[in-house]
Amino acid sequence: MEKIKSNLRFFLSRVDYSTQLTALSLIVMLVSILIVGLVHGSLSGYIQAVLVIISLILFVYLFLLLGEKAGKYTNNLQYRIDRGTDNSFVEYPLGILLYDDDNQVQWVNPYFVEKTGIDSIFSMSLSDISNDLVSLVSDNQKDESHKTVKIGDKYYLVQIQRELQTMYFMDITHYSKIERRYEDNRSVIGQVYLDNYAEITQSMSDRDVSNLDNYITNELSNWASSEQMFLKRIDDDHFFIVAYSGKIFNMEKKGFKILDVIREYTSQQNVPLTLSMGFSYGVDDLNVLNDEAQKNLNLSLGRGGDQVVVKEIGQKARFYGGNTDPMEKRTRVRARMISEALQELLKDSDQVLVMGHNHPDMDVLGSCLGIRRIAQMNNTTCKIVIDTKNLHTDVSRLVQMIDDDPNIKDDIISSEESMNIITSNTLIVMVDHSKQSISINPELFNKASEKVVVIDHHRRGEEFPENPMLIYIEPYASSTSELITEMLEYQPKNKKAIEKIEATSLLAGITVDTKSFSLRTGTRTFDAASYLRSVGADETLIQNLLKENIDSFIQRNHLIESITMVGNQMAVCFGENDRVYDPVIVAQAADTLLSLNNVEASFVISKRPDDRVGISARSLGNINVQVIMEKLGGGGHLSDAATQISDVTVGEAKDQLVQVLSEIENKN
C-alpha cells in the first residue's frame, strides 16, 4: 500500500512540475509577442497584443481550474488509501494477532474472533490457543515463517513476523481436509501369516483342521469387511490384504485387537494359534509395497510373531502386539535345515570370523566356540573376534582357561587383527545379536559384502544387516548357545567331536541366560543341556566360572538399596551419576530384583564405562520389557532387554523411564 501511495505522489508531483514549466514558457512567449507588437506600433500589432492577452487570461483560468481538479483528485485518493489501510488491518479477511515478549496475546482483529470464536484475550497466552504457536515463536530462527496449526476444528496457515511480533492466520481447513483425505486413501499392502499353523495342524484330525480353518477364515473375513479391506487367502497359513491407510491408522489406535481375539479363542481350544502381520504404504508402486510388506512380516516373525509391523516407506517401523512370550515352535527339522545350509556356506568360504556383541557375556563366548567347532568339522578355518580388555569376571576366567589351551588360543583375535585378515570371501557370523552397531567390530560389515550369517535368540529389531545369507533367529530359545548346540548334533560324524571346554562354555551360556534353568526354558533347552553333558560339559567348572567377586556383590546390593516402585509391580533402581558400574553387575541387580515379592519387572539404571547411561530390564513374562526399552531406543527380549542413552544424566534417564512406565500403567 505504501508503495502505491509513493508512486502516486511521484506521478502527481511530476505532472504539476511539467504543467508549471509549460505555463511559464507560454507566458514568456506571449509577452515577447506583445512587446514586439507595441514596438512596431502597427494596427495588426495591437490586434495581436489583444488576442495574446485574451489567450493569456483564458490559459490562466484553465490552468487554475486544472490545478483545482488535480488537488481534489489527489486529496480524495490519499483519503481512500489511508482509509483502506486502516480498515484492512481490522476488517481484512485474514486473522491478525499481536503478542508480547512473554507470549501473551495483546490484540486480535475481528476476523480472528469470527473464525476461532475466541473473543476474550484478557490474560490469554499463545499456549491457551495452541502449543504450536509457542513452538512457532520459540523454534523459528527466521524473521518470517509459517506453520499449519489446528485451532478448534479448523486448520490455519500461520505466518509470523518476529520483528513486529505479529501473526497472520489464513483459514486452510478446506485444503487441509483434502490433504487428510489423500493421506487416508493411500494404498496399503498387507501380509498375514498364521505363525504356528503347520505345527498345530500336523497332529489334528481332518475335521478339527477344517473347523479351525473355518474359524480363522470367518474371523479374518469379518475383521477385513468391518475395516473395508480386501482379504485373500493365498496359502494354508498366508493371507494377502489390500487396504486404505486411514483404516490402518484407526486399527493402530485400537492396537490391532484381532491378535487378541484369535489368540484367546485358540488358546481356549488348546490349539494356541497366533498371527503375524506386515503392512507397508507410502509409495504408488504396488510391487514395492508388496516387497516391503513381506519384509515387515519377516520382521514381525523375527521378533517372535504374534504382532504387527506397520511401516511407511523411508520411515521407522511401528510395532503392535508381541505382549505374550512366544511359544516354542521350532522343530528339529528346522534346526537340521539351518545346520545343512550353514555347512554349504562354510564350504564356499575361505575362512570364518565369528563375533558377538560388545561387552560379551558367557552366551557370546560359548556361541563363538560352538561356531568355531562347526567350522572345523567342515574343514574351514574360524577365528573368534573378541575384545579381551572389557570382560566381566566370569568371561575373563573362561578366556584365561582358553589361553591355556593351545588348540584354541591362536584362534582368538582382536578387532584390529580381524580387519587385517578379512577377504572378499570371508564369512561373518553374528551370534547373540543382530544389530551391527553393537557388534564387537562394526567395521567388519563394510568389507563383508553380503556374506553374513545371523544366529540370535533376541527379537529382531529394525536395525538389521542388509541381505544376510542365512538368518536363524528364534526368540523363544533360551540362548544362542542352545541354538548352536542343536546345530552341532547335525554336523559330520566322522570329524573330531566337540571338546570339553567348548561343551562347558556352551552349557555355561545356557545356564547364565536361563538363570540356572529357572527362566525361559523349554524341553529343547533341557535336551541341549543333556547333549552337552553327554559330550563332557563340566557343571562343577561352570560353578567356579560363575562365582561372584565380593566387590561385585557389594555393588549389586548397593544398587538394589535405591529401589523405587512404579505402580504395583515394576521396580526401578539407579546408581550415582558420577559412579560407573559394570553392565554385568547392573544386569545381575535386575535379575535379583525379580526374586522379590510382587515384582514382575525390574529396571536398573547406571552410568556405563562408555559414558552413556544404561538401563537393564528384566521381566517374569507378564510385562514386555522389550517394548518398553524400544521406546527408549533399545531392544532385546520380552523378558530380557536393555538400552543405552547418550547425553543424559542418570536422573534424566530415570525420569524418561518412569514416564514410559507411567504411560503403560495408565493404559492398563
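In which sense do strands S18 and S19 pair, and over how many bridges? Let's find out in the close-ups below. This is a predicted model, in which local features need pLDDT of at least 70, side-chain atom pairs count only at pLDDT 80 or more, and totals for chains, interfaces and linings use all residues. Residues are numbered from 1 along each chain as its sequence is written, and side-chain values use heavy atoms, with hydrogens and water left out.

**View 1. Strand S19 and its partners.** Strand S18 (residues 564–566) runs antiparallel to S19, with 3 bridges between them. (Helices, H or I with at least four residues, and strands, E with at least two, are DSSP runs numbered from the N terminus; two strands pair if DSSP finds at least two bridges between them.) Look for Thr-564, whose bridge partner in S19 is Val-572. The two strands form a hairpin with 3 residues between them, and Gly-567 in the turn has a positive phi of about 75 degrees. S19 also pairs with S20 (residues 601–607), this time in the parallel sense over 5 bridges, and Met-570 stands opposite Ala-601 there. Of the 5 residues of S19 (570–574), 4 are buried (buried means under 20% relative accessible area, exposed over 50%, partly exposed in between, with a 1.4 Å probe and protein chains only).

View 2. H8 has 21 residues and reaches 30 Å from its first C-alpha to its last. Among its buried residues are Leu-212, Tyr-215, Ile-216 and Trp-223. On the face turned away from them you can find the exposed residues Arg-207, Asn-222, Ser-225 and Ser-226.

**View 3. Rings that pair.** The model holds 7 aromatic pairs (rings of Phe, Tyr and Trp, taking the six-membered ring of Trp, pair if their centres lie within 6.5 Å; planes under 30 degrees apart count as stacked, over 60 as edge-to-face and the rest as tilted). Tyr-215 and Tyr-265 are stacked because their ring centres are 3.8 Å apart and their planes meet at 25 degrees. This pair links H8 (residues 206–226) with H10 (residues 258–268), across 50 residues of the chain. Tyr-215 is buried at 15% relative accessibility, while Tyr-265 is partly exposed at 33%.

Note on methods:
The expected span of a helix is 1.5 Å times one less than its number of residues.
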